[in-house]
Amino acid sequence: MVIVTYAAAGEIATCLETLLGAQGVNLRVVVVDNDSPDDTLAVIRSWADGTTEAHQSLPFDTRPVAKPIALDGSGSGHRVTLLPTGTNGGFAAGVNVGLAHLAADPSIDRFWILNPDCAVPPETPLRFLNEAEAFSIMGGRIVFLDDPDKIQIDGGRIQWWSGLTKNIAHLRDPKTTPAPPPQALDFISGASMVVSRAHYECIGPMSEDYFLYYEEVDWAQRRQLPLAYADGAMVYHKGGASIGSRTSTRAASHLSTYFIHRARLRFLWRFCKSGIPGALLYSFAKAAQLWLHGNRTGAKVLLLATFQVRLDADSLLRR
């Protein structure tokens, strides 16, 4: 499995601790760090040698993980490899580094991509493994870590007239909401998705030109095999920890606004040019709304993203 970290010092230890509590399957975990500006690497190393514990209240039971843990992929049972890249090429670039590392082992037939701000119940990995039908990308249920009575996403749909995406089962009760039929899904969330070797070898790695957002939507549109859904494979997700994605209690950061709207137009240009007029109309309306509510910088950033004006992440963080 592949975890891409960037400024994930507050979440990564909990993620790794829960993964290594997985039952019934041995995981090969590759952590690819995209040149984190915080203490992410130090936290991973101190967690692995037992100096730092993962302290977080979780909505499921966990068991202690024996330390120390080697970070070079050696040992038996669950294995962890840490791969610092020394640069931040975006989410897909980090994922591709991890996939290339794992794909060198022909015994691995599926690759799980997981966000570092996720916590994983011990039965979830085995549920992903036991889904035996041929597939391109497989998902499961993603629930809010801070509000575990609400689903974040069960998979996604695309509004082709605007390029916007919709989270299936968003905010519904995970205890009473049935699993979606796979044929109802347009894509699987990149926060937790399992990719088959057949998909990786046929389609190739993720497109790196988005930098953030829509990489998994793009990947799903290029599939040759069906999407799949593993019922009971639940993951708890904090969401937006490193870049400030919009949540139910927080507006999107300028960084998030820029990359998501740039990616939305880029995706439509690649897969559905007839949706560009509607996408532009949406951008203008949303920018006007932000402007009228006093968020003039947000409105400008959205329009710059819509017209694909290049901005670097550092300049967005200063806005």
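User: Is C118 buried or exposed?
Analyst: In this predicted model, C118 is buried, with a relative accessible area of 2%.

User: And C202, buried or exposed?
Analyst: C202 is exposed, its relative accessible area being 51%. The cut-off for that class is over 50%.

User: How many disulfides are found in the whole structure?
Analyst: The search of the whole structure finds zero disulfides. C118, for one, is in no disulfide.

User: Which cysteine sulfur is nearest to that of C118, and how far away is it?
Analyst: The nearest is the sulfur of C15, 6.2 Å away.

User: Changing topic to the helices: at what angle do α7 and α8 pack?
Analyst: Helix α7, residues 254-271, and helix α8, residues 276-292, pack at an angle of about 165 degrees. Their axes are 10 Å apart.

User: What does that make α7 relative to α8, roughly parallel or roughly antiparallel?
Analyst: Roughly antiparallel, because angles over 145 degrees count as such.

User: Is the crossing left-handed or right-handed?
Analyst: α7 passes α8 in a left-handed crossing.

User: Which residues make the contact?
Analyst: From α7, the contact is made by H261, R264, L265, L268 and W269. The residues from α8 are I276, A279, L280, Y282 and S283.

User: How many of those are nonpolar, polar and charged?
Analyst: The contact of α7 with α8 has seven nonpolar residues, two polar residues and one charged residue.

User: Does T257 count as buried or exposed?
Analyst: T257 counts as buried, at 11% relative accessibility. The limit for that class is under 20%.

User: Now P122. Where is it?
Analyst: P122 is in the loop between β5 (118-119) and α4 (124-130). P122 is buried, with a relative accessible area of 15%.

User: Which residues does P122 touch?
Analyst: Not counting residues up to four places away in sequence, P122 touches G21, A22, Q23, F60 and D61.

User: How far is P122 from G94?
Analyst: The C-alpha atoms of P122 and G94 are separated by 25 Å. Along the chain, P122 and G94 are 28 residues apart.

Definitions and conventions
Residues are numbered from 1 along each chain as its sequence is written. This is a predicted model: local features need pLDDT of at least 70, side-chain atom pairs count only at pLDDT 80 or more; totals for chains, interfaces and linings use all residues. Side-chain values use heavy atoms; hydrogens and water are left out. Axes are lines fitted to C-alpha atoms, for helices over the stretch in contact, and angles run from 0 to 180 degrees between N-to-C directions. Helices (H or I, at least four residues) and strands (E, at least two) are DSSP runs, numbered from the N terminus. Angles under 35 degrees count as roughly parallel, over 145 as roughly antiparallel, 65 to 115 as roughly perpendicular and the rest as oblique. A crossing is left-handed if the near helix is turned anticlockwise from the far one by less than a right angle, and right-handed if clockwise. Contact means heavy atoms within 4.5 Å. Ala, Val, Leu, Ile, Met, Phe, Trp, Tyr, Cys and Pro count as nonpolar, Asp, Glu, Lys and Arg as charged, and the others, Gly among them, as polar. A disulfide is a pair of cysteine sulfur atoms within 2.5 Å. Buried means under 20% relative accessible area, exposed over 50%, partly exposed in between (1.4 Å probe, protein chains only).
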